[in-house]
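I'm opening my notebook on a new structure today. I want to look up what sits around each ligand and jot it down as I go.

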Amino acid sequence: MANKDLPRHVKIVEVGPRDGLQNEAQTISAEVKIALIDRLTLAGFANIEAASFVSPKWVPQMATSAQVMAGIARKPGVLYSALTPNMQGFEAALAAQVDEVVIFGSASEAFSQKNINCSIAESIARFQPVAQAAKLHGLRLRGSVSCALGCPYQGEVTPDAVADVVRRLRDLGCDEIDIADTIGTGTPHKVQAVMLAAAQAFPLAQLSGHFHDTYGQALANIYASLEVGIAIFHSSVAGLGGCPYAKGATGNVATEDVLYLMQGLGIPTGIDIGTVVDAGQFISRHLGRKAVSRAGNAIAFRQNV
Ligand code: HMG
Ligand code: MG
């Protein structure tokens with residue numbers, strides 16, 4: 001069957017080096033992070049979330065972010081992004097020459113308190129100078145809405161609550177806004193309802209889907225998002241990750257699986273799946289466990305036979 005109603009091109013934002021690694025218990029050296037990012041750059045991603053300038057007391061794994069940014073081999077045209085919850089984070093990101101800063105809020109009051117230690121309204125007030133500074137310095141600005149499909153602390157989150165935060169991030173001047181299923185509880189029809197609600201407040205073409213795969217729904221949710229016109233997705237090589245403030249939540253959907261899906265649908269991404277599989281096997285070997293990617297492991301197995 002033809003693809004006529006699905007987007008003609010999809011942008012995949014690789015978030016493994018940040019979302020993927022931030023929750024790892026073992027300390028990963030800056031060298032390994034750099035080697036991973038360099039492999040991902042070679043694979044052809046146009047956007048890699050490479051670092052996070054948050055408090056090292058809150059997320060110790062990201063403490064080497066400046067060193068990582070200084071060590072990577074940048075490819076012209078590729079956007080290297082970093083999380084910046086406040087001005088302290090922004091200044092560090094600016095010094096590290098990131099291309100895009102990410103302000104990350106939540107559609108759930110409870111999660112906002114646990115993750116960034118303030119209410120939703122306070123977070124928007126904190127983001128305001130970050131957004132202004134990003135514009136002043138010509139950096140791209142992305143906003144992220146956590147718990148858009150459910151919260152580990154308060155449960156249900158309504159599409160209206162998501163749209164409300166999207167509207168506030170839009171008013172700060174975000175170039176792109178992520179609808180994040182932090183704990184992976186979303187299912188396709190609810191995802192479509194949330195995406196369409198968000199699209200009432202912000203252009204659909206600049207909305208992205210950020211799905212954690214805790215309940216195994218991420219690929220179905222990506223397909224459902226494609227059906228309503230979403231053409232930007234976040235994924236994590238080897239399915240790495242989780243969020244330290246969403247206990248039990250697993251990694252993002254694996255990049256290899258998303259690429260395999262896009263390949264099958266005939267939707268170009270500009271990314272070489274074989275190089276991503278190699279990157280996934282590299283970091284999984286380093287972490288001492290099997291990659292959490294069905295397609296990645298199947299392709300790696302075939303290549304080794
Ligand atoms: P706070 O304790 O309220 O901050 O934390 P504060 O302003 O009172 O400062 C306290 C201390 O932190 C001070 O140090 C500051 O210097 C330091 P002290 O005087 O005690 O030595 N500090 C910083 N250090 C480095 N960089 C900074 C920074 N800011 C303050 N930027 C804060 C507030 C936001 C800092 C804290 O709550 C925090 O860092 N939270 C980050 C949590 C996090 O990174 N979570 C994971 C990422 S979000 C995510 O994964 C979700 C996402 O993937 C989408 C999804 O799936 O939902 C994006
Ligand atoms: Mg996440």
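This is a predicted model: local features need pLDDT of at least 70, side-chain atom pairs count only at pLDDT 80 or more; totals for chains, interfaces and linings use all residues.

**Entry 1**

Then I wondered: is D19 buried or exposed? I count D19 as buried because its relative accessible area is 3%, and the cut-off for buried is under 20%. H212 is also buried, with a relative accessible area of 3%.

**Entry 2: around ligand 1**

I moved on to ligand 1, which has 27 residues around it; R18, N86, N117, S146 and T182 come nearest.

I also looked for contacts with the backbone. For V54, I found a polar backbone atom 3.2 Å from a nitrogen atom of ligand 1. For S55, a polar backbone atom is 2.9 Å from an oxygen atom of the ligand. G89 has a backbone N or O atom 3.2 Å from a nitrogen atom of ligand 1.

How much of ligand 1 does the protein cover? On its own, ligand 1 has 1,100 Å² of accessible area, and the protein covers 75% of that.

Last, I noted that ligand 1 takes up the space of the largest pocket. The elements giving two or more residues to its shell are α1, α4 (87-95), α5 (109-116) and β5 (140-146).

Notes: Residues are numbered from 1 along each chain as its sequence is written. Chains are lettered from A and ligands numbered from 1 in the order in which they are written. Side-chain values use heavy atoms; hydrogens and water are left out. Buried means under 20% relative accessible area, exposed over 50%, partly exposed in between (1.4 Å probe, protein chains only). A residue is near a molecule or strand if one of its heavy atoms lies within 4 Å of it. A polar contact is a pair of N or O atoms within 3.5 Å; within protein, one must be able to donate a hydrogen and the other to accept it, and residues adjacent in sequence count only if both atoms are side-chain atoms. Accessible areas come from the Shrake-Rupley method with a 1.4 Å probe; for residues, only the protein chains shown count as cover. On a 1 Å grid over the protein atoms alone, a cavity is a set of points where a 1.4 Å probe fits but cannot get out, and a pocket is an open set with protein on both sides within 12 Å along at least five of seven lines; lining residues have an atom within 4 Å of a point. A molecule sits in a cavity or pocket if more than half of its atoms lie within 2 Å of its grid points. Helices (H or I, at least four residues) and strands (E, at least two) are DSSP runs, numbered from the N terminus.
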